[in-house]
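This text walks through one protein chain, beginning with a single residue and widening to the fold. Keep the sequence and the model open while reading.

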Amino acid sequence: SSAASDVYKRQVDNSHLWKMDLTLPALTGNNTHPVKFRANKSWDSRWAATDPESVPYGKTIFLMGDEYDPNIILREGGDYQVIFNDLTGHYIFRKKE
């Protein structure tokens, strides 16, 4: 969501590593939480999933046009710590207990 993308914190010891805590509501039926990463609060520059079902960790590709840009598919709500590397495109969605 756009609100969640505004609260990433760049890590002091690695300017390409971003972390945030994310709370997603519980899901019903076959609903999912679609997720991707954007740059500079704009969807013009974004990282899309190379494998949408790759959770809790996976890799994205950086896009700047009208290309097909699949979301990462989260199938559960809950509290997550999200870590994203904007240089390599790797991410982790670690579900908190």
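In this predicted model, asparagine 85 has a relative accessible area of 15% and therefore counts as buried, the cut-off being under 20%. Asparagine 85 belongs to strand E8, which covers residues 78–85. Its side chain has a polar atom 2.8 Å from the backbone nitrogen of leucine 87. Once neighbours within four places in sequence are set aside, the contacts of asparagine 85 are His16, Leu17 and His90.

Now the chain as a whole. The model contains 1 helix and 9 strands, and their order from the N terminus is α-β-β-β-β-β-β-β-β-β. Among contacts with a separation of 6 or more, 47% join residues 24 or more positions apart. Of the 97 residues in the chain, 35% are buried.

What lies inside? In soluble globular proteins, nonpolar side chains tend to be buried together. The largest nonpolar core here has 15 residues, and those touching the most other members are Leu22, Phe37, Ile72, Tyr80, Val82, Tyr91 and Phe93. Two or more residues of this core come from each of strand E2 (14–24), strand E4 (37–39), strand E5 (42–49), strand E7 (72–74), E8 and strand E9 (90–95).

The loops carry some backbone features to look at. Between E4 and E5, the loop includes asparagine 40 and lysine 41. Asparagine 40 has a phi near 55 degrees, which is positive although the residue is not glycine. Lysine 41, also not a glycine, has a positive phi of about 55 degrees.

Another loop, between E5 and strand E6 (57–63), contains proline 56. The peptide bond joining valine 55 and proline 56 is cis, with an omega of about 20 degrees.

How values were computed: Residues are numbered from 1 along each chain as its sequence is written. This is a predicted model: local features need pLDDT of at least 70, side-chain atom pairs count only at pLDDT 80 or more; totals for chains, interfaces and linings use all residues. Side-chain values use heavy atoms; hydrogens and water are left out. Helices (H or I, at least four residues) and strands (E, at least two) are DSSP runs, numbered from the N terminus. Buried means under 20% relative accessible area, exposed over 50%, partly exposed in between (1.4 Å probe, protein chains only). A polar contact is a pair of N or O atoms within 3.5 Å; within protein, one must be able to donate a hydrogen and the other to accept it, and residues adjacent in sequence count only if both atoms are side-chain atoms. Contact means heavy atoms within 4.5 Å. A nonpolar core is a set of buried Ala, Val, Leu, Ile, Met, Phe, Trp, Tyr and Cys residues joined through side-chain atoms within 4.5 Å.
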